[in-house]
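Student: I have a new structure open. Can you show me how to read its features?

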Amino acid sequence: MKPIKLLILLLAVAAVAATSKAHNITRILGSHPSLSTFNHYLSVTRLADEINRRVTITVCAVDNAAMSSLLSHQYPLPTLKNILSLHVFADYFGSKKLHQITKGSTTTSTLFQASGEAAGTSGYVNITDFKGGKVGFTPVDSDVDPPMATFVKSIHELPYNISVIQISNVLTSPEAEAPVSAPTDLNLLSLLAKQGCKSFSDLVAGAGAGVADVFTESVEAGLTVFCPSDAAIKSFSPAYKNLTGAGKNSLLLYHGVPEYNSLGMLRVSNGLMRTLATEGAKKFDFTVANDGDEVRLKTGVVTATIKGTVIDEDPLAIFKIDKVLLPTELFKADPTAKAQAAESPGPAGENDVPADEDSNGGGLTVARGGGIVVLSVAFVFGVLFL
């Protein structure tokens, strides 16, 4: 093999390896028993999932003793989630960067700020590089003299992707500790019917195979529902009737995501979302893409936009959208659609074979980064056979 081809091959393989890596905060902290309680509550509050979805993140872990002190206050889980969200920065701060902060101090946003639960400057943390090498952390709205916590050591660093560090104490603030009201009515169908999503609610209630039960039973563990407007359901009705029974069930479940996502979280959660319809080889996922404060859901067939909020209280969020979400497993993708702005080509006609009876599923879904991997592999083979 010629040297130039070998070099290109090695670079391509390296690109494949780099794009296939993804951090797993549970696994990273799992090898540190002294941080096990912090690790456990990242999973319980589902912050671990949010951390793993981020490309650039810093996690400030605290040891079991500090967590024991926090848990002694017996905060409800939603409040505990807000407090722990202060420990996750939406930027990369490795040990080297912490000790080289420009002008000795900086302010960074956290997942608490991104959640939409924090008001004003709440959800921001001041980081200060003190003399003698000590680095301090204090929430902006805290009434405690800085620093509230100090840097202890680095746990894991992958510049400039993820940094996991240990700090001395829990970060908290009055805003984070404020009581979080629980939903007063978790009857999903009742909520939908009362808030302008009655047509979608009726479809769910009338579907077979326990579709309504799947939605209802998912609420406790966390659920996000994207409810098409009554007008969107009305215009889609002829195509819906043309689907098989299994196709109807999958389409309805496709509008539910089995985890709680606040509007603030969705505004920063660009990437794939698995749904209640996801099963086996049929992915039934869609992509969240944001344009400023506008949140768009791209299925590869249509692009829907969030137009309103029915309820947004952990563990349940329901958002109104302007279109029915059409998965590529059931509908043909628009061949002329651009990856950045796919528009609906319209539902399947009455004479079309329902896509859920098509052996190829009507489309192909590639996970985030997957397209780069496929292209890299194809490039490698192309080089080898030149």
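Tutor: Gladly. Keep in mind that this is a predicted model. Start with a strand pair: Ala289 stands opposite Arg296 in β12.

Student: Which strands pair there, and in what sense?

Tutor: Strand β11 (residues 286-291) pairs with strand β12 (residues 294-298). The sense is antiparallel, over five bridges. Now look at the turn. The two strands form a hairpin, with two residues between them. Gly292 in that turn has a positive phi of about 70 degrees.

Student: How many bridges join β12 to strand β13?

Tutor: Three bridges do, and β12 and β13 (residues 303-313) run antiparallel. Lys298 has Thr303 in β13 as its bridge partner. This hairpin has four residues between the strands. Its Gly300 takes a positive phi near 95 degrees.

Student: Now helices. How is a packed pair described?

Tutor: By the angle between the two axes and the distance between them. Take helix α13 (residues 230-241) and helix α14 (residues 245-253). Their axes come within 10 Å and cross at roughly 140 degrees.

Student: Which residues make the contact?

Tutor: From α13, Phe236, Tyr240 and Lys241; from α14, Lys248, Leu251 and Leu252. By class, four are nonpolar, two are charged and none is polar.

Student: And aromatic rings? What describes a pair?

Tutor: The distance of the centres and the angle of the planes. The whole structure holds 10 aromatic pairs. Phe226 and Phe286 make one of them, with ring centres 5.8 Å apart. Their planes stand at 85 degrees, so the pair is edge-to-face.

Student: Why does this pair tie together parts that are apart in sequence?

Tutor: Because Phe226 lies in strand β8 (residues 223-228) and Phe286 in strand β11, 60 residues apart in sequence.

Student: Is Phe226 buried or exposed?

Tutor: Buried, because its relative accessible area is 1%, under the 20% cut-off. Phe286 also counts as buried, at 1% relative accessibility.

Student: Which aromatic pair do Tyr254 and Phe286 form, edge-to-face or stacked?

Tutor: Edge-to-face, at 5.7 Å centre to centre and 85 degrees between the planes. Tyr254 sits in the loop between α14 and β9, 32 residues from Phe286. Tyr254 is buried, and so is Phe286.

Student: Which residues do ring pairs link into a cluster?

Tutor: Phe226, Tyr254, Phe284, Phe286 and Phe319.

Student: Where does the charged end of Lys97 sit?

Tutor: Over the ring of Phe93, 4.4 Å from its centre. Likewise, the charged end of Lys134 sits over the ring of Phe130, 5.6 Å from that ring's centre.

Conventions:
Residues numbered from 1 in each chain as written. Predicted model: local features only at pLDDT ≥ 70, side-chain atom pairs only at ≥ 80, totals over all residues. Heavy atoms only, no water. Axes fitted to C-alpha atoms, helices over the stretch in contact; angles between N-to-C directions. Contact = heavy atoms within 4.5 Å. Nonpolar A, V, L, I, M, F, W, Y, C, P; charged D, E, K, R; others polar. Pairing = 2+ DSSP bridges. Phe/Tyr/Trp six-rings, centres within 6.5 Å; stacked < 30°, edge-to-face > 60°. Buried < 20%, exposed > 50% of the residue type's maximum accessible area, 1.4 Å probe, protein only. Lys NZ or Arg CZ within 6 Å of the ring centre and 35° of its normal.
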